[in-house]
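Me: Please walk me through this model, feature by feature. I would like the general idea each time, then the case at hand.

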Amino acid sequence: MRLVDLPRLQDVLSSPAGSLRYKLDGTQDDMGRLALRIRAEGSFGLTCQRCLGPLEFPVRLDSLLVLARSEREIERGSDDPEGPDRLVANEAMPVLEMLEDELLLAIPYVPRHEACTSEVAEPGASVPSAFQGLRGLLGGSGGSAKSK
Ligand SMILES: [Zn+2]
């Protein structure tokens, strides 16, 4: 899939070029409910919100979307915060839109380098390597905001 075919994702990319590989499987969850498993991999360019430099974001998406017959069925199960992501099943489901939704969720809200190269490291502060930084992003742990 080419990234230029995902208009909503384009809004957050630093470059429109690039592509991802994806795979969509019909499957079931632990409870035997019909589900779609979406996997994608590749990378795309974001902009670091601290130094505004380019930030390569590696994509390793693996999402299970449990299908529902109606919005009402989803609402009934929404009191379980640990529950799976639900999706109303239709005869025709736009694959790229589903994929785009998942990718948008995977992108950090404020993407930034773990250690910006343009920044002088604080004395005594440990500077993780760029790859460790990318792994941190992959884990999706958004929390650790540093104070200035
Ligand atoms: Zn940066």
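**The metal site**

Reply: The 4 donor atoms around the zinc ion subtend angles of 103 to 122°, so the arrangement is tetrahedral. Ideal angles at a metal are 109.5 degrees for four tetrahedral donors, and 90 or 180 degrees for six octahedral ones.

Me: What kind of model is this, and how are residues numbered?

Reply: This is a predicted model: local features need pLDDT of at least 70, side-chain atom pairs count only at pLDDT 80 or more, and totals for chains, interfaces and linings use all residues. Residues are numbered from 1 along each chain as its sequence is written, and side-chain values use heavy atoms, with hydrogens and water left out.

Me: Which atoms are the protein donors of the zinc ion?

Reply: Start with the cut-off. Donors are N, O and S atoms within 2.8 Å of the metal (3.2 Å for Na, K and Ca); water is not among the atoms, so sites may look incomplete. Here the protein donors are Cys-48 (SG), Cys-51 (SG), His-113 (ND1) and Cys-116 (SG), lying 2.0 to 2.3 Å from the zinc ion. Along the chain, the donors follow the spacing C-x2-C-x61-H-x2-C.

Me: Are His-113 and Cys-116 buried or exposed?

Reply: Buried means under 20% relative accessible area, exposed over 50%, partly exposed in between (1.4 Å probe, protein chains only). His-113 has a relative accessible area of 18%, so His-113 is buried. Cys-116 is buried too, at 5%.

Me: How many helices and strands are in the chain?

Reply: Helices (H or I, at least four residues) and strands (E, at least two) are DSSP runs, numbered from the N terminus. The chain has 4 helices and 4 strands. Read from the N terminus, the elements run α-β-β-β-α-β-α-α.

Me: What do the totals for the chain look like?

Reply: The chain has 148 residues, and 30% of them count as buried. Accessible areas come from the Shrake-Rupley method with a 1.4 Å probe; for residues, only the protein chains shown count as cover. The accessible surface of the chain comes to about 10200 Å², with 51% belonging to carbon and sulfur atoms. Contact means heavy atoms within 4.5 Å. Among contacts with a separation of 6 or more, 53% are between residues 24 or more positions apart.

Me: Give me a case. Which residues is Ala-68 in contact with, leaving aside its neighbours within four places in sequence?

Reply: They are Glu-73, Ile-74, Arg-86, Leu-87, Val-88 and Ala-89. Ala-68 sits in strand S3 (residues 54-68). Ala-68 is buried, with a relative accessible area of 3%. Arg-86 is 18 residues away along the chain, yet the C-alpha atoms of Ala-68 and Arg-86 are separated by 6.5 Å.

Me: How many salt bridges does the structure hold?

Reply: A salt bridge is a side-chain nitrogen of Lys or Arg within 4 Å of a carboxyl oxygen of Asp or Glu. The structure holds 10. In one of them, Arg-8 pairs with Glu-100, the closest N and O atoms being 3.1 Å apart. Arg-8 lies in helix H1 (residues 7-10) and Glu-100 in helix H3 (residues 95-106), so this pair ties together parts 92 residues apart in sequence. Arg-8 is partly exposed at 35%, whereas Glu-100 is buried at 3%. Arg-8, Glu-100 and Asp-101 are linked in a network of salt bridges.

Me: Which parts does the salt bridge of Arg-39 and Asp-25 tie together?

Reply: First the distance: the two side chains meet at 2.4 Å, N to O. Arg-39 lies in strand S2 (residues 34-47) and Asp-25 in strand S1, so the pair ties together parts 14 residues apart in sequence. Arg-39 is partly exposed at 26% relative accessibility, and Asp-25 is partly exposed at 22%.

Me: And backbone angles?

Reply: Most residues other than glycine have a negative phi, and most peptide bonds are trans. Leu-52 has a positive phi of about 60° although it is not a glycine. Leu-52 lies in the loop between S2 and S3. At 62% relative accessibility, Leu-52 counts as exposed.

Conventions:
Four donors count as tetrahedral if all angles lie between 85 and 135 degrees; four count as square planar and six as octahedral if opposite donors are over 155 degrees apart and all others between 65 and 115; anything else is irregular.
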